[in-house]
Amino acid sequence: MLQQMREWFRYLKFILYVIIFMFIVWAFASWSGGGPGLRQDSAWAAVVNGRQIPLTTFQSYARRLDSTYQSLLGEQYAQQRSLLKIGRRAIDSLVEQELLHQEAVRQGIAVSPREVAEAITRDPNFQEDGRFIGLDRYRNLFSAGRLGLEDYESQVRRGLAIEKLRSLIEDAVGVSGADIEQEFLRRNQKATVEYVVIDPAKVGSQRPPDDASIGRYYDAHRERYTRGEGRTGAFVLFSPADRAGAQTVSDAEVAAAYERMRATRYTLPDQRRASHILLKVPSGAPGDAAARIERQARSILKAARGGEDFAALARKHSEDGSAPSGGDLGFFGRGQMVKEFEDAAFSLPVGAISDLVRSTYGFHIVKIAEARAGRSVPLEEVREQLREELKMEKANAETQRRSADLARAAAGGKLEAVARSQGLEVRETGPVHEGDALPGLAASQAVVARMLTLAPGEVSSPVPAPAGQVVVQVTGTAPPEPRPLPEVRARIIKEIEDERALSAVADVRRAAQASGGGLRAVARRLKAELKTQADLARGGALPGL
């Protein structure tokens, strides 16, 4: 059995990664740092070889893990929380525990009631003055809690079985003195490294490859650009735009929608249209540098107030992205600009030029072009536009409902028959591969991506696309094929240029070696800086790389 365990241990990590990838299905967005949300009505968080990890177990474990990190990180926790991915860590740990427990059961590892009892009485959480608190007090701790006594003792039993499995594996693995020494050196040995960083754009041919070179390279390396197995299928599109005209929206519905949005959408605040000239002051710039920039800004301000064309001055001097358009920032309301700029813009009359305005960006010169007073847009002005929007909302709801109904009815692989019985048009996808869109349906790559996860005969749930909801059935597979040349042209140009650069560097290296020079000679010939990094450990990164 030990030999079997040794063999199993060698592949344990690979198996864990594969199964975790296959069976982790959902994780809370609030825990995972932005992943898809877990359905609240789902009873489980993951399924591992047919065994469910309950949703409540995941939530409880994730909360405990979250509390642990809060205690460890203190004030740093708020900044680090999104990077920790608590949900992912929690589900990974629970899946690993479940896999280990399943293997312990498969290996016939048992835990007796006596072992469970001894583990509980030794637990510091159930001791007082170094002694077990007693059976009655122990049971009372679970009388009003969320976790029942039986559930807790079951967890203890699972944990003991996993520990036995770990011990069995570890006891079967021998580590020699040479292994220890080698690992010590791997972790602690350091070196001083000299290196040269070479910009490929500065070596090799400076001429871009021509069409003939690109074509030859593509033909010689088609295997690099091959897309995997594709799919063929049939689909039905539910388009809200096609259904919107059939919707009816009463005047009362329009009026109610207007009232709901009047304070936000239909109440326009005061606005200004301004142009500005910005001279940036870098963060942490010394006082003399800031003073020099201020003097330059005052000189420009004097020219602007003296009658010189403000737009021309902005194009010449401004360091803002609006400079090419003469500094024009368009219309803006309160709260859209930094406070210093806003205060100046809303205090000036139309046509006026401000004094220098200092903000975190630097020195601004502001000129007001137009002013719009705030107002409420009357219902009559937006009635028909709002009616059309409400029609589209109803059409969207209808298409979502009808597409879901079709997907359920066709789930047995009967998309075409069910669709035609409902008078719906069924369209063929033809062969599609990763990155493709459906024919005649712009920006529908998400539908193709969904098809690639389905086996022949399977019908998808509705997939959103810009044109509406799509229900698709996979009818077959398409063989792998090279991506079209126009699709990979930019990549090929980059690869050709990189290969030219590598070849040029190799030529310089050979020439330097032939003349007895080392890396310093290579750097000199390539006009690159020879850099040195001391105390570099194995696996460490070079600065800037």
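## Terms and model

Two strands are said to pair if DSSP finds at least two bridges between them. Strands (E, at least two residues) and helices (H or I, at least four residues) are DSSP runs, numbered from the N terminus. The model is predicted: local features need pLDDT of at least 70, side-chain atom pairs count only at pLDDT 80 or more, and totals for chains, interfaces and linings use all residues. Residues are numbered from 1 along each chain as its sequence is written, and side-chain values use heavy atoms, with hydrogens and water left out.

## The chain as a whole

The protein chain holds 21 helices and 18 strands. Its radius of gyration is 34 Å, whereas a compact globule of 545 residues would have a value near 24 Å; the radius is taken over C-alpha atoms, and the globule rule is 2.2 Å times the number of residues to the power 0.38. The C-alpha trace spans about 95 × 85 × 70 Å along its principal axes. Of the contacts (heavy atoms within 4.5 Å) between residues at least 6 apart in sequence, 69% join residues at least 24 apart.

Of the 545 residues, 35% count as buried. Buried means under 20% relative accessible area, exposed means over 50%, and partly exposed lies in between (1.4 Å probe, protein chains only). The chain exposes about 32,900 Å², with carbon and sulfur atoms supplying 51% of that area; accessible areas come from the Shrake-Rupley method with a 1.4 Å probe, and for residues only the protein chains shown count as cover. There are 76 positive and 70 negative side chains, and the centres of the two sets lie 3 Å apart. Lys and Arg count as positive and Asp and Glu as negative, while His and the chain ends are not counted; each charge is placed at NZ of Lys, CZ of Arg, CG of Asp or CD of Glu.

## The sheet 10-9-12-11

Four strands make up an open antiparallel sheet in the order 10-9-12-11. Strand 10 (328-333) and strand 11 (357-358) are at the edges with a single partner strand each, so one side of each has no neighbour in the sheet. Strand 9 (residues 271-280) has seven of its 10 residues buried, so the rest of the structure largely encloses it.

Strand 9 is joined to strand 10 by four antiparallel bridges, and Arg272 stands opposite Phe332 of strand 10. With strand 12, strand 9 pairs antiparallel over 10 bridges; here Leu279 stands opposite Phe363. Phe363 is also the bridge partner of Arg358. Strand 11 and strand 12 (residues 362-372) run antiparallel and are joined by two bridges. In a regular strand, side chains alternate between the two faces of the sheet.

Two bridges connect strand 7 (residues 230-238) with strand 14 in the antiparallel sense, and Phe235 has Arg427 in strand 14 as its bridge partner.

Ser460 sits in the loop between helix 19 (445-451) and strand 15 (463-465). Is Ser460 buried or exposed? Ser460 is buried, because its relative accessible area is 1%. Leaving aside residues up to four places away in sequence, Ser460 touches Ala407, Arg450, Leu454, Val470, Val471 and Val472.

Strand 1 and strand 2 form a hairpin with two residues between them, and Asn49 in the turn has a positive phi of about 50°. Four bridges join strand 1 to strand 2 (residues 51-54) in an antiparallel arrangement, with Ile53 in strand 2 as the bridge partner of Ala46. Four of the five residues of strand 1 (residues 44-48) are buried, so this strand is largely enclosed by the rest of the structure.

Ala46 and Asp92 are 46 residues apart in sequence, and their C-alpha atoms are 9.8 Å apart. Asp92 belongs to helix 6 (residues 86-106). Asp92 counts as partly exposed because its relative accessibility is 26%.

## Helix 11

Within helix 11 (residues 211-220), the residues Ser213, Ile214, Gly215, Tyr217 and Tyr218 are buried. Their cover includes strand 17 (481-482) and helix 20 (485-514).
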